[in-house]
Amino acid sequence: MLITGDRVLVGSGTYLDDGAVLIDGDSIAAVGPRAQIEERAGAEVPRFAFSGTVLPGLIDAHVHLAFDGGADPVATLQESTDETLLQDMRRRAGQLLRSGVTTARDLGDRGGLALRLAGEVADGRTPGPRIVSAGTPATPPGGHCHFLGGEVSGEAEVRELVRRNLAAGATVIKAMVTGGGLTKEGPRSWQSQFSREELAALVDEAHRAGVPVAAHAHGTDGIATAVEAGVDTLEHCTWMTSDGLNLRQDVLKQIIDRGIAVCPAVSPHWQMLPRLFGAERAEAMFDLVRQMAEAGAKLIAGTDAGVQRAGFDGLVPALSFYAHLGLPNAKIIDMATADAADALGLGGTAGRIAPGYRADLLLVDGDPLADLDALKAVEAVFAAGRRYESSEPSAWQ
């Protein structure tokens with residue numbers, strides 16, 4: 001397949017004008033000026049030509065395919081059988097793909113269903129993005145998301161859960177380092193859930209297998225413990241305390257020095273936060289993300305898709321949050337492509353348009369470096385070299 005466009009994004013904020021991408025199987029074979037690549041391809045190769053922008057497929061670094069994004073996703077989950085839930089997860093994977101997401105990191109499901117779905121996508125049986133799955137997240141008894149089945153206590157049980165997830169095929173390990181709002185009657189979001197020893201054991205077990213660790217961490221104390229333990233990504237990272245917010249500069253410096261990526265997991269409906277938390281508190285929360293960005297923390301894009309008010313077509317609306325903070329469009333696109341790929345351990349195969357990379361491509365009308373909303377004008381999505389077409393035209397709006 002030969003894809004041509006007015007612009008091809010070939011680096012951070014860098015277009016190749018009147019460019020072309022040659023796909024061979026599931027990989028990119030060549031990228032360059034249209035005339036040069038057309039000559040290399042030959043007349044027999046199928047072509048897809050249009051007048052917009054070709055950029056890497058987007059990466060949502062924080063989703064939960066097992067949740068439905070409704071008013072009470074936990075109740076819906078608990079009322080669903082595994083087969084019903086899996087069918088719903090297949091549909092949600094399709095929503096992600098139609099919105100331009102070609103890789104999604106699932107950070108907690110029930111019974112290994114996301115791992116099962118990842119296999120279906122990889123085999124070509126189910127349309128969807130490549131799924132990087134954590135399997136069952138680790139949490140203490142009664143802790144955040146305990147209903148997913150990952151309750152553990154003590155270093156031995158923590159290590160055993162990691163081993164079970166790895167044996168099932170997990171390529172990232174998730175630790176619920178602090179509480180969260182999704183779990184009713186559970187620990188508060190700012191409260192730590194694991195001892196230093198337990199968290200160190202979890203990270204050690206995962207890293208022995210060469211697998212990264214993602215830490216759900218709202219509380220400042222939990223963030224500090226996660227950083228000390230050597231986690232690879234921090235999810236949310238809202239710097240909460242029992243009486244407010246407290247960004248510790250010494251911990252932020254460690255995050256930056258150690259190259260730990262931060263996924264704020266911004267809701268597609270982030271504009272509602274002032275109404276939910278109050279304008280002053282919401283602005284203070286926004287400013288913490290701004291401070292991390294300005295200090296040089298590696299931010300990556302994710303939506304927490306599946307929790308309340310977070311659907312599976314919301315990555316692009318969520319990216320507008322970072323524009324609100326003042327980040328340039330080129331950096332925001334990097335956060336959802338190359339930077340996210342690097343953080344997920346996929347930097348050598350995804351997130352960029354270059355020979356040898358997986359042929360994950362998003363084709364949009366307009367120029368997203370000039371106007372981020374151009375990412376909503378999806379013309380086509382290619383995942384692993386295959387073009388996926390939506391049977392629901394309204395999903396492309």
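This report walks through the cores, helix packing and a few individual residues of the structure above.

The model is predicted, so local features are described only where pLDDT is at least 70 and side-chain atom pairs count only at pLDDT 80 or more, while totals for chains, interfaces and linings use all residues. Residues are numbered from 1 along each chain as its sequence is written, and side-chain values use heavy atoms, with hydrogens and water left out.

**The cores**

Let us start inside the protein. A nonpolar core here is a set of buried Ala, Val, Leu, Ile, Met, Phe, Trp, Tyr and Cys residues joined through side-chain atoms within 4.5 Å. Buried means under 20% relative accessible area, exposed means over 50%, and partly exposed lies in between (1.4 Å probe, protein chains only). The largest nonpolar core has 95 residues, and those with the most contacts inside it include Leu-202, Trp-239, Met-292 and Tyr-322. Helix α11, residues 315–325, gives the most to this core, with 7 residues. Helices (H or I, at least four residues) and strands (E, at least two) are DSSP runs, numbered from the N terminus. A second, separate core has 17 residues, Leu-107, Ala-261, Cys-263 and Leu-346 among them.

The buried residues of α11 are Leu-315, Val-316, Ala-318, Leu-319, Phe-321, Tyr-322 and Leu-325. Their cover includes β6 (58–63), β7 (101–106), α10, β14 (298–299) and α12. Contact, here and below, means heavy atoms within 4.5 Å. Just after α11, Gly-326 takes a positive phi of about 105 degrees. Pro-328 lies in the loop between α11 and α12 (329–335). With a relative accessibility of 51%, Pro-328 counts as exposed. From Pro-328 to Leu-202 there are 126 residues in sequence and 37 Å in space, C-alpha to C-alpha.

**How helices pack**

Axes are lines fitted to C-alpha atoms, for helices over the stretch in contact, and angles run from 0 to 180 degrees between N-to-C directions.

| Helix pair | Angle | Axis distance |
|---|---|---|
| α3 (82–98) and α4 (113–122) | about 50 degrees | 10 Å |
| α6 (196–208) and α7 (220–229) | about 45 degrees | 9 Å |
| α10 (279–295) and α11 | roughly 80 degrees | within 10 Å |

Angles under 35 degrees count as roughly parallel, over 145 as roughly antiparallel, 65 to 115 as roughly perpendicular and the rest as oblique. On that scale α10 is roughly perpendicular to α11. Glu-283, Phe-286, Val-289 and Arg-290 of α10 meet Phe-321, Tyr-322, His-324 and Leu-325 of α11. The residues of this α10 and α11 contact divide into 5 nonpolar, 1 polar and 2 charged. In that count Ala, Val, Leu, Ile, Met, Phe, Trp, Tyr, Cys and Pro are nonpolar, Asp, Glu, Lys and Arg are charged, and the others, Gly among them, are polar.

Helices α6 and α7 are oblique to each other, and their crossing is right-handed. A crossing is left-handed if the near helix is turned anticlockwise from the far one by less than a right angle, and right-handed if clockwise. On the α6 side the contact is made by Arg-196, Leu-199, Ala-200 and Val-203, and on the α7 side by Thr-225, Ala-226, Glu-228 and Ala-229.

Helices α3 and α4 are oblique, and they cross in a right-handed way. The contact residues include Leu-85, Leu-86 and Met-89 of α3 and Leu-113, Ala-114 and Leu-117 of α4. By class, the α3 and α4 contact holds 7 nonpolar, no polar and 5 charged residues.

**A few residues to look at**

Arg-208 is found in helix α6. Its relative accessible area of 64% makes Arg-208 exposed. Leu-166 belongs to helix α5, residues 155–168. At 23% relative accessibility, Leu-166 counts as partly exposed. Leaving aside residues up to four places away in sequence, Leu-166 touches Ile-173, Glu-205, Ala-209 and Val-211.

Most residues other than glycine have a negative phi. His-236 is not a glycine, yet it has a positive phi of about 80 degrees. His-236 is found in strand β11, residues 233–241, and counts as buried at 9% relative accessibility. Ala-384, also a residue other than glycine, has a positive phi near 50 degrees. Ala-384 has its place in the loop between β16 (378–383) and β17 (386–388).
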